Amino acid sequence: MTLSRLAALYGVATSYSPSPDRTVRATDAAVIAALAALDVDASTPQGVQHALELGESELRERVLPPTVVCWQGGPAAADGDSDTSPWDGLPPGTHLRLDTEDGARLEWEPTAATSAAAATGPSEPRPEELPLGVHRLTATVPGRDGPVTAHLVVAPYEITGPPGRGHGFLVQLYSLLSARSWGMGDLGDLAELASWAGRRVGCDFVQVNPLHAAVPGPPGGTTDPSPYRPSSRRFPDPVHLRVEEVPEYTRLTGAARDRVDVLLRRAAELRESVLRKGALIDRDAVWALKKEALELIAEIPLGPGRCADYGDFLAEHGEDLEAHATWCALAEAYGPDTSVWPPALRDPASARTARARHALLDRVDFHSRLAWLTDAQLGAAQRAAREAGMATGLVHDLAVGVHPDGADAWAQRDVFAAAMSVGAPPDAFNAHGQDWGLPPWRPDRLAASGYAPLRAVVRGLLRHAGALRVDHIMGLFRLWWIPVGGRPTDGTYVHYDAEAMLAVLCLEAHRAGAFVIGEDLGTVEPGVRETLHRHGVLGTSVLWFEREWVGADGGAGTGRPLPPERWRAGCLATATTHDLPPTAARITGEHVELRHRLGLLARPLAVERAAAAADVAEWLGVLSLLGLLPGGGGWEEDEIRAVHRFLLRTPARMVGVWLPDTVGDRRPQNLPGTRDEYPNWRLPLADADGRPLSLEELTASRRLHAFMEVFRSPAATRTAPRTAPPGARPV
């Protein structure tokens, strides 16, 4: 009981419910380990008692939490309720001072803490009178030694959603090679895709995989290709640069020009090996060529205007960029595994690190310049999307965490629980649970910083985006912490201040004029989707998972496909994602065969085949009854189009098209549960026969254009079935 009280005090769960009718207790060892990662010693009964007494005493004495949230325009404001405020409950006579982001100062005595007759200072401001932002709040309490300070986040209660209903592509950028790519898709390709998609097929957005900076591979090794385990979420990866579009490229002369021409020829060979010879995407080979070319380009002096622009970028990103570039330079010198660095270099604030930064100043500047160049090309891609008529443009993706040896974990080591790894508990889909190998943020350190790390990440991603997808958005509420080296079953949930995290999202989205999409698939804690919806965060709905799990009376549902009119409007509706089979593979059952070949099936092949076929048959039956499969089925292209006609029939604000679905690609980009058995994150986009397609071939594809007619024709959403001549194949 005492351990449970202590755990509750620090947001550590002692049990969880994988399903509504089942509760699982966390082991004491898991709870003790999570508390230890928060610097709370619960290793002995005496330690538990001491920590509990100390924690409860601090809570009683606390005047303000480290971060306070003040919402503007919430339900209370709509109801005219001004009786509640973030500073209710403060001791009588408390005086508050607010120092805003822009240097202004407000002072008042809370009306709840001081009677109207006794009040002598300015009146308490209403929430809508406070400026949006993250400010410093200082409370002076009578009889208390010294003032108490806290961060005040003033945020709009609800994010403004997309300007209208629209459709767009979901694409893994590395997989989209053009005739100009250096062996993998780049930001030039993204700009081309967005410009074409907006003008020719009416897309409102293009959602891409995380473009975060990766941890380079060790000497002689390979870089982890997963975009969801980056070195840094604060800065983009320069591997995505289009080298020829760096302005200084055109000023190369002499031997440097000749050398870059050689690199261009090698890049062409690399590209052709992927597009024509069956090679996998080799990120390290691409980066080796680009890095050498960019180093030659970096020797070209910047013109006055470019130099001023670079200086502004350095000033804007300050210490964050300096730390990131320093890590990159140190990783070149000592390797990417920080555990083998000289001990003093593992501390970003040490004197040894400062000396190393000075000694490596040229490399620090090079990596800072790469961040600037990449940021500029991201901006160009978003401008291309908007100029093509896209209402939203680019939708960037925020990974759930970072690599434990990467730049963020090194530069912000005090904010991370280094002895822990994020994952998921056992559930119906994974009996052993999951360990994602990502260190979690400490909720206490986040709160103490006013959520500065989260603010920086979100602001950076929204610089050149119309929306942000947040992977595993449930992580704003709680994360499954596993002791490093332990099994996923050895973990427990640790809770975060979701209100403060959401306030940061709402604030930064408002400032950027953008909206947020949460990936809320899988097991979701009760109340989470409702909370996200109230704040205007869209969800994610995948057709094959949308079934009537809950009946109208709140009891168990039928389990049948959910009718389109009962889908939620506040979502991105799609047929698949990067972690799921492409629609062609699901319809044909090829995803079952693939998992069988790799030894991933939990049941006999015949059982899995039958279950998959029954699932698809049930959905196709629904599509036929709704008149969305006018050809009667039996032809793959018809059936894939019918799936998307169904998505258009729902009220979903956004309909996402997995770009490989437009040409019948059968191969998943990522197959969870595999590492070396399957080429995750290394496959180029291909047609139904597995033949890689360039961007130019993709945009000229007959199959793609026939597919996109679904989004052009008003008849696509008609409820009455249509007839056609025998043998006709409608589009």
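Is Ala384 buried or exposed at 15% relative accessibility? In this predicted model, local features require pLDDT of at least 70 and side-chain atom pairs count only at pLDDT 80 or more, while totals for chains, interfaces and linings use all residues. Residues are numbered from 1 along each chain as its sequence is written, and side-chain values use heavy atoms, with hydrogens and water left out.

Ala384 counts as buried at 15% relative accessibility, where buried denotes under 20% relative accessible area, exposed over 50% and partly exposed in between, computed with a 1.4 Å probe on protein chains only. Ala384 is found in helix H10; helices (H or I, at least four residues) and strands (E, at least two) are DSSP runs numbered from the N terminus. When residues up to four places away in sequence are not counted, Ala384 touches Ala191, Ser195 and Arg199, contact being defined as heavy atoms within 4.5 Å. A separation of 31 Å lies between the C-alpha atoms of Ala384 and Glu319, which are 65 residues apart along the chain.

Helix H10 (361-387) also takes part in covering the buried residues of H7, as does helix H6 (254-276). Helix H7 comprises 15 residues (283-297) and reaches 21 Å from its first C-alpha to its last, close to the 21 Å expected; the expected span is 1.5 Å times one less than the number of residues. The buried residues of H7 are Arg283, Val286, Trp287, Leu289, Lys290, Ala293, Leu294 and Ile297. Viewed down the axis of H7, these residues fall within an arc of 165 degrees, so they line one face of the helix; the arc is that of the directions from the helix axis to the C-beta atoms. At the start of H7, a side-chain oxygen of Asp282 comes to within 3.2 Å of the backbone nitrogen of Asp284.

In helix H9 (residues 351-359), the buried residues are Thr353, Ala356 and Arg357. They cover an arc of only 105 degrees around the axis, which puts them on the same side of H9. The exposed residues Ala351, Arg355, His358 and Ala359 are carried on the face of H9 turned away from its buried side. Among the elements covering the buried residues of H9 are helix H8 (304-334), H10 and helix H11 (407-411).

Two residues other than glycine with positive phi were examined. Tyr451 has a phi of about 60 degrees and is placed in the loop between H12 and helix H13 (452-461). The relative accessible area of Tyr451 is 2%, and the residue is buried. Phi of Trp681 is near 60 degrees, and this residue is located in the loop between strand E21 (654-658) and helix H20 (695-699). Trp681 counts as buried at 8% relative accessibility.

Grid points are joined across faces, edges and corners, and a volume is the space filled by probe spheres set on the points. The second largest pocket has a volume of about 940 Å³. Of its 37 lining residues, the closest to its centre are Leu9, Tyr10, Arg62, Pro66 and Asp444. H3 gives the most to this lining, with eight residues. The count of cavities of 30 Å³ or more comes to five, and the largest cavity holds about 250 Å³ of space.

How values were computed
A polar contact is a pair of N or O atoms within 3.5 Å; within protein, one must be able to donate a hydrogen and the other to accept it, and residues adjacent in sequence count only if both atoms are side-chain atoms. On a 1 Å grid over the protein atoms alone, a cavity is a set of points where a 1.4 Å probe fits but cannot get out, and a pocket is an open set with protein on both sides within 12 Å along at least five of seven lines; lining residues have an atom within 4 Å of a point.
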